[in-house]
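Hi,

Here is the structure I said I would pass on. Have a look at it first, and my notes follow below.

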Amino acid sequence: MPGLDRTTGRDLSGWDHVLQSLGVIFSTGFHERLMLRWFGSLVPHLLGETMSERKVVRFFYAIAVAIDLWEPRFRLVRITINEATRSGRLSFRLEGAYYPNAHLGDYLTEHRRSLVVIAGETGVTLTRTSEAGAAS
């Protein structure tokens, strides 16, 4: 599914487009978009709160539901905590399967992908970590 890079305006496709899409989903709260009231996630509402075990679980739930609702090209398999501080900074790794043509209903071609998400008071940052080979 081709798209445009939000910062440069150039063409964007493939895994890079999925990363941008996830970034938009995680940084947009519900009711922030006028014509898409339920687009987004609960992630912005949880940012900056003091982290406890219960809040970390809520954060993971918010991430998993948002991916399931709004990004068909990425299926979440595992979430691993890298760092969690009481001040509200949370770093974790998302691992899953990338389906390049899932938006067309094609789930046959699968690529393993992972990314690091860093969440804090300033927002959410996504970083590409690995691009393992295809597993059909």
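Let me start with the aromatics: Trp15, Phe74 and Tyr98 form one aromatic cluster. The pairing rule takes rings of Phe, Tyr and Trp (its six-membered ring) whose centres lie within 6.5 Å, and calls planes under 30 degrees apart stacked, over 60 edge-to-face and the rest tilted. By that rule there are 7 aromatic pairs.

Before going on, some housekeeping. This is a predicted model, with local features requiring pLDDT of at least 70 and side-chain atom pairs counted only at pLDDT 80 or more, while totals for chains, interfaces and linings use all residues. Numbering runs from 1 along each chain as its sequence is written, and side-chain values use heavy atoms, with hydrogens and water left out.

Now the overall fold. The protein chain has 3 helices and 6 strands, where helices (H or I, at least four residues) and strands (E, at least two) are DSSP runs numbered from the N terminus. Along the sequence they come in the order β-β-α-α-α-β-β-β-β. The radius of gyration of the protein chain is 15 Å, close to the 14 Å from the globule rule for 136 residues, so the chain is as compact as a globular protein of that length. (That radius is taken over C-alpha atoms, and the rule is 2.2 Å times the number of residues to the power 0.38.) The C-alpha trace spans about 40 × 35 × 25 Å along its principal axes.

For burial, I use under 20% relative accessible area for buried, over 50% for exposed and partly exposed in between (1.4 Å probe, protein chains only). On that scale, 38% of the 136 residues of the protein chain count as buried. With a contact meaning heavy atoms within 4.5 Å, residues 24 or more positions apart account for 42% of the contacts in the protein chain with a separation of 6 or more.

Of the 7 aromatic pairs, one is Phe39 with Trp70, which is edge-to-face at 5.1 Å centre to centre and 65 degrees between the planes. This pair links distant parts of the chain, 31 residues apart: Phe39 sits in the loop between helix 1 (14–27) and helix 2 (43–46), and Trp70 in helix 3 (residues 53–70). Phe39 counts as buried at 11% relative accessibility, whereas Trp70, at 31%, counts as partly exposed. The other pair is Phe59 and Phe92, with ring centres 5.7 Å apart and planes at 75 degrees, so that pair is edge-to-face. It also links distant parts of the chain, joining Phe59 in helix 3 to Phe92 in strand 4 (residues 90–98), 33 residues apart. Phe59 and Phe92 are both buried.

What about Trp38: buried or exposed? At 57% relative accessibility, Trp38 counts as exposed. Trp38 lies in the loop between helix 1 and helix 2. Leaving aside residues up to four places away in sequence, Trp38 touches Phe30, His31 and Trp70. Its C-alpha atom is separated by 9.9 Å from that of Thr28, 10 residues apart along the chain.

Last one: Tyr61, found in helix 3, is exposed with a relative accessible area of 59%. The C-alpha atoms of Tyr61 and Val43, 18 residues apart along the chain, are separated by 9.3 Å.

Cheers
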